[in-house]
Amino acid sequence: MSRLVLILALLAASSSGARAEDPRSLRVGSKRFTESYLLAEMAVALLGEGASQLQGLGGTAIAYRALEEGSVDLYPEYTGTLSEEILRSAQPLELGTLRASLGSRGLGITAPLGFDNSYALVVPGPVQERLGLKRISDLGRHPELRIALSHEFFGRRDGWPRLVESYGLEGLANVRAMDHGLAYAAIGEGAADLTDGYSTDAQLVRYGLRTLEDDRRVFPVYQAVFLYRLDAARRHPEAFARLLRMEGRLDAATMARLNGQAEQGGQSFERVARAHLSAHGLIPASVVAGPASDSRTSESLWTVMRRSVRQYGPRHLLLVVVSLALAVIAGIPLGIAATRSRVLGQLVLGAVGLIQTIPSLALLCFFIPIWGTGLAPSLAALFLYGLLPIVRNTFVGLKQIPAPIQESARALGLPGRVRLWRIYLPLAAPTLIAGVKTAAVIGVGTATLAAFIGAGGFGQPIGVGLNLNDSRVILSGAIPAAGLALVIQAVFELLERLLVPQGVRPRIRHD
Amino acid sequence: MIQLSEVSKWYGSIRALASTDLMLDSGRSLALIGPSGCGKSTLLRIALGLVTPDSGRVVIAGLELSARTVEAVRHRVGMVLQDGGLFPHLTAAQNVALLPLHLGWSREKVAERTELLCDLTALPRESLDRYPLQLSGGQRQRVALMRALMLDPGVLLLDEPLSALDPIVRAGLQEDLQRIFTMLGKTVLLVTHDMAEAAFLGNEIALMRAGEILQRGSAEALLERPADPFVAQFIRAQRSAWPPVASAASSGAEAG
C-alpha cells in the first residue's frame with residue numbers, strides 16, 4: 001500500500017511540476033460549447049507565439065478550478081456566472097465590484113467584449129404560435145410542455161431553480177436534463193418543446209427557435225469577458241495588451257454568426273476565430289491561412305479519424321495504461337489480502353464495490369479539490385474504477401482453488417511465498433487476467449470522460465462533436481476508442497495464452 | 001515415530017477429537033478406521049500441523065511440532081490425500097520436482113530420484129510429462145506417492161489414498177503400497193473407511209468413533225475380542241468384504 005501512495009504522490013507532484021516547467025507559454029481554457037471554444041481560439045491567436053488551448057473543460061467549476069491552480073492562465077467567462085457561481089453573490093455585481101473581489105483572489109477580468117450572452121428560454125416557432133407563448137410567465141399555464149434543459153442550466157442557482165421560484169413554475173413536471181447539443185437535437189426532432197439557450201446560439205436560427213421574454217428580469221446580465229490570472233498578465237504584458245484589443249468589439253449578432261459558421265459552416269474553430277480577427281485588423285491576414293484552414297465538411301470520416309488518433313490517441317492510451325498499471329499493482333495485493341481474513345475480505349471488497357457505484361463523472365470531479373484538473377485526478381479516478389474487477393477476480397480466483405490442492409501445498413512444507421507464486425497465483429491466473437481485461441476495457445470507455453476535466457484523450461473530439469451536433473467528429477473519437485478496446489481485448493487474449501499454465505486451460509482433458 | 005499426547009480439537013461446540021494419546025513406533029504402520037466424522041482425518045492433520053489442536057503436543061519424525069518447526073516437520077513427513085492433491089498446472093514430473101528444487105537440489109539429482117521412484121511406484125515413464133488431468137486416477141495416486149517420497153521422509157501420512165479408485169486399480173495399488181511400506185521401512189499412519197484395506201495395509205488398526213479411539217489392536221483382535229459393542233457392530237457391517245482379507249492380513253503380517 002505504501003508503495004501505491006508513493007506512486008500517487010509522485011504522479012501528483014509530476015503533474016504540478018509539468019505546470020510549472022514552462023513559465024513562458026500561456027494556456028487558454030475553454031468550456032464545452034462553441035462560443036467558449038471560439039473566444040479561446042481568438043485569445044490564443046491574439047496572445048501569439050506559444051499560447052495553447054486546453055479545450056472543453058466540463059463546466060464552470062472545473063474551468064475556474066483549472067484557472068485557480070494554474071492549469072490555464074485565462075478563459076472566457078460571463079459576468080453573471082462570475083457573480084453567481086464563483087463569488088456566490090445573491091445579486092448581480094457591478095463590474096467594479098467584480099474586479100475588486102476577483103483581485104483579492106489574484107484574478108482579473110478584461111472589460112466586456114461587447115455582447116451579452118444571456119440565458120434565454122426558447123421554443124420552436126410553431127409551438128409558440130399554437131400556444132400563444134410570449135413571455136416566460138405564460139409557461140405556468142402549460143404544464144404539458146416537454147422541457148429539455150442543459151445540465152448546467154438545470155442545476156445553477158441563477159438558472160432553472162430561480163426561474164421556477166420567480167415565475168411559480170412548480171407545475172411543470174415534464175423536465176429532463178441532458179447534454180446541451182442533444183437538447184437542441186431533441187427540439188429539432190420534435191421530442192421536446194422547450195430548452196434553455198443563449199442569446200448568441202447559432203441553433204436559434206438553425207432550428208427556427210423563438211426567445212421568450214424574461215418579463216420579470218430574472219436572468220442576470222451575462223457580459224462576456226476574459227477571466228485571467230494576474231500573475232500571468234504580469235509575466236506577459238505584451239501578449240495581454242494584444243488581448244485587450246478585443247474589448248468592446250464583438251456584438252451579439254456577430255457572435256451568433258460566428259457560432260453558426262463553426263457549427264454549420266463546417267469550419268474549424270481556429271479558422272473562424274482567426275478570420276474574424278483578421279477581418280477586424282486585429283491580426284495579420286497571413287495568419288489565417290495555414291494548417292487550420294481545413295474545411296471539415298469536405299473531409300472524409302477516415303481523414304478526420306486519422307487526425308483524431310494522432311492527436312488524442314497517445315494521451316488516451318497513457319490514461320488507460322498508467323491507471324491500469326496502478327490498479328494492477330494495488331488490486332492484486334488487495335485481492336490477496338482479502339483472502340487472508342473474512343473481516344478484511346468484506347472490508348476490501350465492500351470498499352472497492354462502493355467506489356464502483358459512484359458515477360464516473362462524479363468520481364472524476366471528486367479529486368479536483370486535491371489535484372486540480374487534468375492528468376492526475378483523471379488517473380486517480382480511472383485507477384479506482386479499475387480496482388473492483390481486479391480485486392474481485394483475484395479474490396475469487398484464489399478462493400476457488402480446491403481445498404485439497406491448498407492442503408497438499410501446505411502439507412509439502414512450501415513457504416507461503418512459494419505457495420502463492422508457484423501454485424495459487426498460476427491457478428488463479430485465468431480469473432485474474434479476465435479481471436484485468438475487464439478493468440482495461442472499462443478504462444478505455446471511462447477515459448473518454450476524462451476530457452471533461454481537461455485530461456484530453458478521445459473524449460475531447462466526442463465532446464466537441466456533441467456540442468457541434470456533428471456525428472463525424474463524435475465518431476472520430478468514439479470509433480478509435482472502441483477500436484482501442486478491441487485491441488486491448490486482443491492483447492489480453494494473447495497474454496492469457498502466455499500466462500495461463502497449460503494444465504489449467506479448458507481444452508486439456510483426460511486422454 | 002509419531003507421538004500425540006493429550007491432543008484435542010473442538011469446532012465450536014462440536015468435538016472433533018477428545019483428549020487423545022497415540023504412540024506409533026518407527027517402521028510400524030497403523031490404520032485409523034471409523035465412520036465419517038469420527039475424527040480420524042482430524043487426527044492425521046493435527047500430526048502434520050495442518051490443523052492446530054486446542055491442547056496437547058505432537059512429536060513426529062524426531063521434532064516437536066510448533067510454528068517454528070512445522071516446515072521442517074513437513075519436509076520429514078510425506079502426505080498423500082484422497083485425490084492426490086496434485087497441482088493441475090504442473091506436469092507429473094514438475095509436481096514431483098517442486099519441493100526438492102525449492103530446497104536447492106540440482107536438476108540431475110531430482111531427475112535421478114524421480115527415475116528411482118518411478119520404478120518403485122510402478123508409474124509408466126511417459127506419464128511424467130502429462131498434466132494431472134491427463135492421468136488416470138491410479139496414476140495420479142502413484143504420482144502423489146512419488147511426490148510424498150521425494151525427500152525420503154521417515155513418516156508417511158495417507159488420507160484415504162485409494163478410496164476414489166475402482167476396485168481393480170485399487171487392489172493393484174494396495175499391493176504396491178504394502179510392498180513399498182515394507183521395503184522402505186516407513187512409519188505409516190493411514191486413514192481409511194474400509195476394513196479390508198485397513199487390515200491389509202496396517203500392522204495394527206485403531207477404530208474411532210465420535211473423536212475417540214475405541215480399540216487399537218490387530219485385525220484379528222478387533223474381530224475376536226471387540227472392546228465395545230460399536231466395534232463389533234462396525235466390523236459386522238463390513239463383513240461382506242472381510243473374510244477374503246483375513247488371510248491377506250495374516251500373509252501381510254508374515255511378510256512384515
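Four strands of chain B form an open sheet in the order β2-β1-β4-β5, with antiparallel pairing. The structure is a predicted model, in which local features need pLDDT of at least 70, side-chain atom pairs count only at pLDDT 80 or more, and totals for chains, interfaces and linings use all residues. Residues are numbered from 1 along each chain as its sequence is written, while chains are lettered from A and ligands numbered from 1 in the order in which they are written.

## The sheet of chain B

Helices (H or I, at least four residues) and strands (E, at least two) are DSSP runs, numbered from the N terminus. Two strands pair if DSSP finds at least two bridges between them. At the edges of the sheet are β2 (14-24) and β5 (63-64) of chain B, each of which pairs on one side only. Inside the sheet, β1(B) and β4(B) are antiparallel and share five bridges; B:Ser8 stands opposite B:Ser55 in β4(B).

Strand β4(B), residues 55-60, is also joined to β5(B), by two bridges and again antiparallel. Here B:Ile60 has B:Leu63 of β5(B) as its bridge partner. The hairpin of β4(B) and β5(B) has two residues between the strands, and B:Ala61 takes a positive phi near 50° there. In a regular strand the side chains alternate between the two faces of the sheet.

Helix α1(B), residues 40-47, lies across β1 (2-11), β2 and β4 of chain B, and runs at about 120° to β1(B). The angle is taken between N-to-C directions, from 0 to 180 degrees, with axes as lines fitted to C-alpha atoms, for helices over the stretch in contact.

## Chain A as a whole

Chain A contains 23 helices and 10 strands. Its C-alpha trace spans about 85 × 55 × 50 Å along the principal axes. Of the 511 residues in chain A, 48% are buried. A residue is buried if 20 or more other C-beta atoms lie within 10 Å of its own, exposed if 12 or fewer, and partly exposed in between, with C-beta atoms placed from the backbone.

Two residues are in contact if their C-beta atoms, placed from the backbone, lie within 7 Å. Among contacts in chain A between residues at least 6 apart in sequence, 78% join residues at least 24 apart.

| Stretch of chain A | pLDDT | Contacts beyond near neighbours in sequence |
|---|---|---|
| residues 8-22 | below 50 | 11 contacts |
| residues 289-296 | below 50 | 12 contacts |

Where pLDDT is low, the predicted coordinates should not be read in detail.

## Where the chains meet

In the interface, 23 residues of chain A are in contact with 20 residues of chain B. On the side of chain A that touches chain B, α20 (403-411) and α21 (416-446) of chain A each supply at least two residues. The most comes from α20(A), with six residues. By kind, the residues on this side of chain A are 13 nonpolar, five polar and five charged. Ala, Val, Leu, Ile, Met, Phe, Trp, Tyr, Cys and Pro count as nonpolar, Asp, Glu, Lys and Arg as charged, and the others, Gly among them, as polar.

The buried residues of α20(A) are A:Ile405, A:Ser408, A:Ala409, A:Arg410 and A:Ala411. Their cover includes α21 of chain A together with α2 (70-76) and β6 (77-80) of chain B. After α20(A) comes A:Gly413, which has a positive phi near 85°.

A nonpolar core is a set of buried Ala, Val, Leu, Ile, Met, Phe, Trp, Tyr and Cys residues joined through C-beta atoms within 7 Å. The largest has 217 residues, and those with the most contacts inside it are A:Ala43, B:Leu32, B:Ala47, B:Leu157 and B:Leu189. Helix α19(A) gives this core its largest share, 15 residues. A second, separate core of five residues includes A:Met305, A:Val464, A:Leu468 and A:Val473.

A:Leu375 lies in helix α19(A), residues 375-399. A:Leu375 counts as buried because 24 other C-beta atoms lie within 10 Å. A:Arg315 is 60 residues away from A:Leu375 along the chain, and their C-alpha atoms are separated by 9.3 Å.

B:Leu173 lies in helix α6(B), residues 167-184. B:Leu173 has 20 C-beta neighbours inside 10 Å and therefore counts as buried. Not counting residues up to four places away in sequence, B:Leu173 touches B:Gly138, B:Gln141, B:Leu162 and B:Leu165.

Note on methods: pLDDT = per-residue confidence, 0-100.
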